[in-house]
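Dear colleague,

Please find below the structure that I am handing over to you, a predicted model. My findings follow directly after it.

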Amino acid sequence: MKTFFAGLFFAIYAGTLAAASQDDDFMAMRQAFQAGDSARVAAYAQRLRGYVLEPYAIYYQLRPQLENTDASEETVNAFLKRYQDSPLSDRLQGEWLKTLGETQQWDLFAEAYPNVINKDTELICYSLQQRLAANDNSAFAEVRPLWFNARDLPESCTPLFDALVTAGVLTVEDVWARLRLALEAGSVSVAKRINEYLPENQALNERRLTSATENPLRYLEKHRREIGTRADREIALFAILRLLRSSPDQAYAYWPRIREQFSEAEHSYFLVQLADQAARRLNPRALGWFMEAASTSAPVALSDAQLGWKTRAALRAGDWNLVLESIEAMSTPEQQTGVWRYWKARALKSRGKTTEANVILAPLSTEHNFYGQLAEEELGVTIGTPAESYKPSKKEIAATERLPGIKRALALYRLNLRTEATREWVWAIRDFDDHRLLAAAEVARRHGIYDRAINTAEKTIKDHDFSLRFLAPHRDAMRDILKQQELDEAWVYGLIRQESRFISDARSSAGAMGLMQLMPGTAKWVSKKMGVRKYRPALVTEVNTNLKLGTYYLKHVLTLSDNQPLLASAGYNAGPGRMSQWRDEKQPLEGAIYAETIPFNETRDYVKKVLSNSMYYARSFGHQVTALKSRLGIVASRSGGEKFSEEK
């Protein structure tokens, strides 16, 4: 018997060593691929036969052949057929199609294009090229929308635009329209490329455009009496737009000095841009400027984004009639988003149209999000119980864990290759029904991949498991920490879920680290306040340290925020100083309106999700459930509140 167990132990040990060795070989092969060392890639590939990540080994060998146009159709198709359960198949096919498009092998391209799933703009433009080459002139109708884009577009789109010009489908007015879009977005390099499509006698003076970019006020002062041509007016409008982005009031004061040289439509355009920028800065003059733009003899139409900020300005002003009017002016798809359905219902209720409002609120209240929760409360319900949870069986979980795509994803997560791992995971679950999604979410939870568990569980449509959507790891470590800081457990978990999805070593592009996403400077400041000995930045991703530092800082922000979780959530994300600036100058604001009018898109979305999360966590933890409106509270005005300063 001892011999049997000894043999079993050594077999397991040898298997573990072999797996570790293959992991090392795979990482070395990946480095060789990134370095363009094909010989080393081929050498490592021999050792990785039968390895869970073998598709990557083969892909690393095949990918350089595409660039050299050495890969045959048969070789590519063999890979696609063998590894269709991996995102690598779609990735390789897309890359191969781009090679075919670049070399104009249109017959092969046309045959393979329908099979690729992820089609980016470069690939779409090659497809349209192929259709035009086949004399399919219906492609022109699909090319035109691509033109009206402020962003730089791939080189594969340029022949399409040239074809539009040749066919007379792209007019000079279309060129001016895109030029204004690019300048409005501040994309000067894109504007210069668009400028090449204008007749030489109409084109912008690029030297002046550069001058307007560098110092708009100085440019306007120097050239304000030389605004004669359309090109001159567009550059001057660009300069005044840059000026108003830094100071709407200064731009409005300067505009009369050049106003007479512009048409009524251009005047209206300036006022709309002015009003939009003012609304985004919570400037109380925004609504007046929107009204002034609409009253001109040639008013320009507002985009959905501009109508959104007009609505937010009306919310802060308490003008429910204008809220309703602005929402109803939006496009149909925009009106159907949760945010505007909710505020439209509120506007209708303010006018006594409760029945019409409830027709909107009833279906919205079934959605498991911020606006669904608010809609429930408008209907007189305090966070109803979600649909009964479905629990996958052991057999379902085991079967899911054995799927090749899931196994590859787990292996990649183990190697800390999170980008590739997430792609594999998303590809593997893309066609799952609710039951399989929950089985996959449970697999992720058991492996400690909490972000995948949450995101996967959130995809279910009818059958849900809210214990997976709202995971609560590290509760034992959190209890004493939260007690010491006197913080609401549900709120803190709601915040961490939004910050990091409980990835302990998460790092943002801005440099924030750990579960509570602390910036290095903030972590260092807090560590000094707490008297942490031998502090070093590497400690920030350690779970207990991160929670201690993060909750201390959160308590600090909460104290600066009238002890309001809404304000503290905004302050934690964007800084306590900004949180205070977003209060109204004179009047208190309903918390939901304060949240809705936060100028930063990221912070606005963040605050809503943190407060929404906290509702679910409160119920999950068995806490007394407070209405979301009560959690949001009433935000005092700046004149009525304290003056705050941000400590760092």
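Helix H18 (residues 304-317) and helix H19 (residues 320-328) have axes that come within 8 Å and cross at roughly 170 degrees. Because of that angle, H18 is roughly antiparallel to H19. Their crossing is left-handed. On the H18 side, the residues in contact are Leu-307, Lys-310, Thr-311, Ala-314 and Leu-315, and they meet Trp-320, Leu-322, Val-323, Glu-325, Ser-326 and Ile-327 in H19. Sorted by class, this contact has seven nonpolar, two polar and two charged residues.

I then turned to the aromatic rings. A pair of aromatic rings is described by the distance of the centres and the angle of the planes. The whole structure holds 30 aromatic pairs. In one of them, Trp-147 and Tyr-197, the ring centres are 5.2 Å apart and the planes stand at 80 degrees, so the pair is edge-to-face. Trp-147 belongs to helix H8 (residues 140-147), while Tyr-197 sits in the loop between helix H11 and helix H12, so the pair ties together parts that are 50 residues apart in sequence. Trp-147 is buried, at 0% relative accessibility, whereas Tyr-197, at 23%, is partly exposed.

Tyr-493 and Phe-621 also form an edge-to-face pair, with 5.5 Å centre to centre and 75 degrees between the planes. Tyr-493 lies in helix H31 and Phe-621 in the loop between helix H37 and helix H38, so this pair ties together parts 128 residues apart in sequence. Tyr-493 is buried at 1% relative accessibility, and Phe-621 counts as buried at 13%. Both residues belong to one aromatic cluster, together with Phe-466, Phe-470, Phe-502, Tyr-616 and Tyr-617.

Yours sincerely

Note on methods. Residues are numbered from 1 along each chain as its sequence is written. This is a predicted model: local features need pLDDT of at least 70, side-chain atom pairs count only at pLDDT 80 or more; totals for chains, interfaces and linings use all residues. Side-chain values use heavy atoms; hydrogens and water are left out. Axes are lines fitted to C-alpha atoms, for helices over the stretch in contact, and angles run from 0 to 180 degrees between N-to-C directions. Helices (H or I, at least four residues) and strands (E, at least two) are DSSP runs, numbered from the N terminus. Angles under 35 degrees count as roughly parallel, over 145 as roughly antiparallel, 65 to 115 as roughly perpendicular and the rest as oblique. A crossing is left-handed if the near helix is turned anticlockwise from the far one by less than a right angle, and right-handed if clockwise. Contact means heavy atoms within 4.5 Å. Ala, Val, Leu, Ile, Met, Phe, Trp, Tyr, Cys and Pro count as nonpolar, Asp, Glu, Lys and Arg as charged, and the others, Gly among them, as polar. Rings of Phe, Tyr and Trp (its six-membered ring) pair if their centres lie within 6.5 Å; planes under 30 degrees apart count as stacked, over 60 as edge-to-face and the rest as tilted. Buried means under 20% relative accessible area, exposed over 50%, partly exposed in between (1.4 Å probe, protein chains only).
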